[in-house]
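Please take a look at the model below and keep it open while you read. We will go through it together, one region at a time.

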Amino acid sequence: MIINHPLLGPRDSSEFVYLGDACLINRPDWQADDALEQFIEYGHTRDNPAGLHRELWYHEQGDRSWLVVTRNTVTHEITQVELARDVARAEGRSK
Amino acid sequence: MHDLTPLCALGGAEPHTDKVAGVTLTETPGHTLASVAARLGQEDACTKHLGTLLGSEAPGVGSWVRSEPISAFWTGPDQWMLSAPYDTHEDLAAQLTAHFGATAAITEQTDAWVWFDMQGDGVEQVMQLCANIDIEKMPVGAAARSVIHYMGVYVLRSAPDALTILGGRSSAGSLHHALLTAMRSAL
Amino acid sequence: MSQKNRLDGGLIDRSEAWSFRFDSQYYKGHKGDTLASALLANGVRLMGRSFKYHRPRGPMTAGSEEPNAIVELREGARKEPNTRATTIELYDGLRANSQNRWPSLTFDAMAVNDLLSNFFAAGFYYKTFMWPAAFWEKVYEPIIRRAAGLGSLSLQDDPDGYDKGFLHCDLLIIGGGPAGLAAALTAGESGARVILCDEDFLVGGRLNLETYAVGGMSGAAWAAETVARLQAMPNVRVMPRTTVIGAFDHGVYGAVERVSDHLAVPEDGKPRQILWRITSKRALLCAGATERPIVFENNDRPGIMQASAVRAYANRWATTPAKQVAIFTNNDDGHRTASDLVARGVEVVSVIDTRAEAPTSSDYDVVAGGVIDQTWGRLGLSQIEVKMPKGGIRRIKCGALGVSGGWNPNVHLTCHQGGRPVWNEALAAFVPSATLPPGMTVAGAANGVFSTHGALQSGADGAKAILADLGIKASAPALPEAEDTPVKITPFWHVKTAKRAWVDQQNDVTAKDIKLAHQENYVSVEHLKRYTTLGMATDQGKTSNIAGLAIMAEVAGKAIPQVGTTMFRPPYTPTAMGVFAGRAWGMEVRPTRLTPSHNWAKEQGAVFTEAGLWLRAQWYPKPGETHWRESCDREVMQTRKSVGICDVTSLGKIDVQGADAAGFLNKVYCNGMAKLPVGKVRYGLMLREDGIVMDDGTAARLAEDHFVVTTTTAKAVPVYRHLEFVRQCLYPDMDVQLISTTEAWAQFSVAGPKSRKLLEKIVDDGMDLSNEAFPFMACAEITICGGLRARLFRISFSGELAYEIAVPTRYGDALVRRLMQAGEEFDVVPYGLEALNVMRIEKGHVTGNELNGTTTALNLGMGRMVSKAKDSIGSKLSERPGLNEPDSLKLVGLKPVNPDHKVPAGAHLMTKGDKVTASNDQGYVTSACYSPNLGCHIALGFLKSGDTRIGETIRLVSPLTGVDHEVEVVSPHFFDPEGERLRA
Amino acid sequence: MRYSGFRVIKEALTGHRGWGPAWRDPDPKPDYDYVIIGGGGHGLATAYYLAKEYKQARIAVLEKGWIGGGNVGRNTTIVRSNYLLDGNEPFYEFSLKLWEGLEQDLNYNAMMSQRGIINLMHSDAQRDAYIRRGNAMILNGADAQLLDQKQVLEKYPFLNVKNARFPVMGGLLQARAGTARHDAVAWGYARAADQRGVDIIQNCEVTGFRIEGGRILGVETSRGYIGAKKVGACVAGSSSKVMAYAGMRLPIESHVLQAFVSEGLKPVLPGVITFGAGHFYCSQSDKGGLVFGGNIDGYNSYAQRGNLPMVEDVMEEAIAMFPMLGRARLLRSWGGIMDMSMDGTPIIDKTHIDGLYFNGGWCYGGFKATPASGFVYAHLLATDTPHHTATAFRLDRFHTGHMVDEKGMGNQPNLH
């Protein structure tokens, strides 16, 4: 596969390491009332769609950016690649 | 002045050189290296400091600015690798820390890497047997990180017929073997 | 024997006659021959035996689709079983042997199977051989296994090398026939980066096999001229002998270049083959088409071939399988073979055309509306029987029969990403569907455009469309004039017979087998294939699949597309496993990482072991020591008595800087790091988010905003990746910068009561190593040996007064030599991983054996380290009840009751008196050693409620290794439990 | 019709006219007591054991395509019970025991061949871990033997020990392990279930559940609504999709695993052998093809195909072990969709909907489990209590923290 890195352009997927669903960015608040329940969901249940999937790839043999890749799990077509840091900020993560 | 004797990455007291057909592969221990990573919120300041140091723009994505005595190539967002002659800049990291102040994190990287220079007719063909980078489209002054046989490397283009390859020092022997094998095969 | 079936002309170089051997016989051939063409020229038709019934077989094709003529090429370690004689490029001295026969190709005793074939119908083995049950492995299966298989491997290591390479292009053209060449010319002249791959050694595809003119010259001459033009273009790379084997995601293609297969032995340093990973913006498939057979009784005799193959052998290789040749066809193309043969002086005894309206010829006899219903000839065709259109039969003597059932576009690569070809009624063939691998288009015969003119045009048009898509202005090279014959075919699949008519010739699948599959309800194409083995042979069904489908359609009373299509999967043709491995084999399977003291350790005679790609010294044998334990015990005792040195460079080191560095480490370690003072080191435990321990290590605070953290050797890479994840994805606004410094520093542990004294000899003036000035868990940046920068950490894995000292890696070798020299007066000893392991077990320190991915901080006796006062990765999910059971496993020490007993790792623990069963399992031993300090074997292990069972005698069992004895549960801190030594 | 050697001879002499369909193709009835979704190995086995062991009637298996077209026909045919953890080993050993009598039970030769499996070990730590595992196997009533390098070489003399980057120290042998002809397992269960009255309905895709008041009523299908008292989903590869019809999100990701076969070769590998310094396993089929595989490609996928890097990785390990394979040729590769669960262990459990049951999460290990999976699932469906060998396969184990993590990789499916 070829991942179109937002900074570096198309790079071979063998330079990357895959983690999983980009929902892993949304780590729950440890002080929420139902924090344990939220962490269990966060850690274990997945939409696992047959279709568009937002997922985390790490450019380990590259610039060490974590990326959020939107990829169709049926065709493997990649439609969007973003820096995970930008996504995380956009989703309200900070310190 | 201390009295310890350094070794080259390939294990010899002197750097190693190989020649296959018209291409020479040389181990080049004479560089110091230090990484520069901008502190959060200091990206612009850091980039500016780097520009001052190089006497030109700081290298952008995928590029390598060569100047005297310090050169720099881009390694990641707001991160660069700087190099300088070992003889005059053994304390490069310390110098940079002073120069960048609170705008960047500086880390000594000199001995984390083995530095190979490959020069001659056919370096592109050799690299095609090594790394999945589009070497034909890589201009002089470009820097790419990739993999050669499971080893992370930086490939820098120094001239139309010359490449610089930086690999992890501990696996210098394996990288040397991979490069030399590719040279024998391609040339 | 002379080349009795050699004709005039052809594309072979007759300037030299090369000698080669097939089985025990020597023959002559020429440069440009394949093994098959050379053997045919020498009058040899019999080249192999079929898989199941060991029927005599000769070549059916002249290309890579060959099912029958497969041989063992070369001898000794270079032997290649199952190699198609039709693609083997002849070289001087070539040796090949027939395979899957005994004792010889002409007399094969296993052909007895053929007589019993009624008993060996499709799927017979599913219905018998079941009684008695134990007979399968002992009786039936060994017989089946010996009989099955095709060629045999040499069983010797492959002596040749392979390479992998990477190419990038705008347009990859697959196939160098008329369509591919026209496309390459168009794209090449437009300046696009083009790669043209062709599996043949002579690029040109069917242009090299046909007689018609292209642009006023022979097709072959036009192809040669065009290839020369392309090779002169710097933006075009023409790759003959290169098979594109697979279409992978996002325009990545795998291609295998056979660099040296046409040589007896590869040139020095050169690979046998190269696997190219081609990253293309677009691809144009111009893979041509394959002629398919008609199925009839005994249609498998040597000499019965594709009509187009007979023509190819005559035109390109100047050979014929026999002096008299008949043709059996359902379309006009069969007649082209006949006329070409006549032109070459081969006698065409008859053309049997299934169509009543067959064209006639003055050059040869035509039987319109006839079919072949039987053939004769034990080891090669001698006679055919024709069922005449108006009844009656006619027997015709001939040594070869060319069969043409129409052409199948080579759609294989279009299916590699799930596309299914669609049926084209006019061509009576499957053509590529609209669902192609993204970026791929198809041209020429592969797309059902069969005329030469059509192929040239479609290749050029295909290239133009691609160039437009890429925004490259297309040039329009003039295309040569060429024939534009329309396809005329009336589908005809098989001549019905009660006897055996072969569909899959390699796997011996007959039309009857297909009917039986239908009768037993194995009707879907997948069931059909799997039940009968149709299309599963080394030719991947290239010539058999469609006939099989057609026959099933007929039996099931359906149209062919209703029965289904078959999927083609990579590789396009069988591919040497070695080329996928490239240079990665033997010691080069993975990189080898060497420690800075490697040269020195080697000089000391160290024995090395693998640890996370590093080679680390395991022990340093001294003269007279015959067992590793002697060396290890000495190293342990000497270190504990005086001082020892160990290279610990391989442990991961990560530089963590930034204003939020401390807060960041507080997130990734379950224990507190924020308040660690500058100049101090702290042990840290990193959890995975699921609450299980990920890794342990130390964090040293060099400045307010600067830490160096260590990881275990094995986890250096995953931990770094994890830290980047936390930094970029979870806390993007923390001011933290990370970089690995593992290899930048050579780091040595200097351990033992004399370690301070030893280090005092090398640190520069002003560095006070006294316990007060530099206490346990202190760290500092210092200089040594008169000014070399170094880092000093007072940390201890061994439990001794110990330091770790780091210098720039290039000085690692010099430092270890200096330390040894300076330590001479203390009897300093280098110690390896074994001694390190003994000392850490004596201290109850954990490593990978304990941090096995299933253990929690609680299991390790560090439950209290998981701070509840802060958020850290893994802290929340640690709270789940399953990780906090009252009888959780706890780390304990174990000592044998009988001091002579070992306490082997991997043994399980049982409560005394309990039966030895899984349900009574109480835990297991993780790490074990002989402790020279305690004078007995000791071990660490996990025991249910272990922390409350200190002093209990339990039972240790290892039925696997025959161990069953009693051990005492003790504290894991066997040695100096109060830690007085390391604080000394 | 019973299969036998006598029958084969009789049919051979009479033109094979007597062989009937291996299974019928009935139209679906309006309702059943049990509807099993998924005509793969596990679904067919479940139906068979429901009918045979639990004497249940009115059973249908619904298959969206053709039976046996999913992972039961796409695996590397390995059968073994060499597991470490107490949650797993009794189940897989139960399965192996069922395999040992399967052909006689089904009257179908699935060519279960107990030629053994050897897991090679390459380091002291790995040896310790294998000893622990071998002991766990023996404690659970399975067989295990520890081999040294010499003993391994006796069976595999061409194993690379001369210049091995990862030296072979020995291996853990399970002699009773082996391989079975994968398609035959599906067909054998189908035929045996069919003979016990099970309706096997092909080309019948489930498109939804009818649920009322927290209770299952039946399934919507491409061939109409079919009522059912109990519905058992058994659709590894499509689990997330099918269970989403019931509003469930699963602790499962779908990943692609490639498998490979070489050209036919005269016998070289006596049994199954696995490389311990990576991910590679290999055996040789009775036809002579080397059947091998490695790791999953590593990214979520529902495409039954993989990519080149994993192909290369698998071959590198093959050549590392057996440099003599360099000139053997890869004939074909294919891919299957794996239900990768969060701890690498399957799930066989009730759901929050009364009468709806779930069986999935088999990762890449479902084939060997086929008989036991069918048996214990039938037990659960018939009795509403888990079979004693499958009590750990609960759906809520991630909530309670009772993961069964054989490899110790945690909640990242592509690492299992």
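Predicted model: local features only at pLDDT ≥ 70, side-chain atom pairs only at ≥ 80, totals over all residues.

Residues are numbered from 1 along each chain as its sequence is written, while chains are lettered from A and ligands numbered from 1 in the order in which they are written.

Let us begin with confidence. The model has an ipTM of 0.98 and a pTM of 0.97. For chain D the average pLDDT is 97, and 100% of the residues score at least 70; pLDDT is the predictor's confidence in each residue, from 0 to 100.

Now for the places where chains meet. Between chains C and D, the contact takes 94 residues from chain C and 88 residues from chain D, where two residues are in contact if their C-beta atoms, placed from the backbone, lie within 7 Å. On the chain C side, helix α3 (residues 135-147) gives the most, with six residues; helices here are DSSP runs of H or I with at least four residues, strands are runs of E with at least two, and both are numbered from the N terminus. The side of chain C that touches chain D divides into 42 nonpolar, 32 polar and 20 charged residues. In this count Ala, Val, Leu, Ile, Met, Phe, Trp, Tyr, Cys and Pro are nonpolar, Asp, Glu, Lys and Arg are charged, and the others, Gly among them, are polar.

Strands also link these two chains: β31 (residues 575-576) of chain C runs antiparallel to β16 (residues 329-341) of chain D, joined by two bridges. Strands count as paired if DSSP finds at least two bridges between them. Across this pairing, T575(C) stands opposite L330(D).

Chains A and B meet too, with ten residues of chain A in contact with ten residues of chain B. The chain A side of that contact has two nonpolar, four polar and four charged residues.

Staying with chain A, find the open sheet of four strands in the order β3-β4-β5-β6, with antiparallel pairing. β3 (17-21) and β6 (78-83) of chain A stand at the edges with a single partner strand each, so one side of each is left without a neighbour in the sheet. Within the sheet, β5 (residues 66-72) of chain A pairs with β6(A) over five bridges, and V69(A) has V81(A) as its bridge partner.

Back in chain D, helices α2 (residues 41-52) and α7 (residues 182-195) pack at an angle of about 30°, with their axes 9 Å apart. Axes are lines fitted to C-alpha atoms, for helices over the stretch in contact, and angles run from 0 to 180 degrees between N-to-C directions. The residues of this helix contact divide into eleven nonpolar, one polar and no charged.

Finally, some backbone details. Cis peptide bonds join E68(B) to P69(B), with omega about -5°, and W131(C) to P132(C), with omega about -20°. P132(C) sits in the loop between α2 (112-115) and α3 of chain C.
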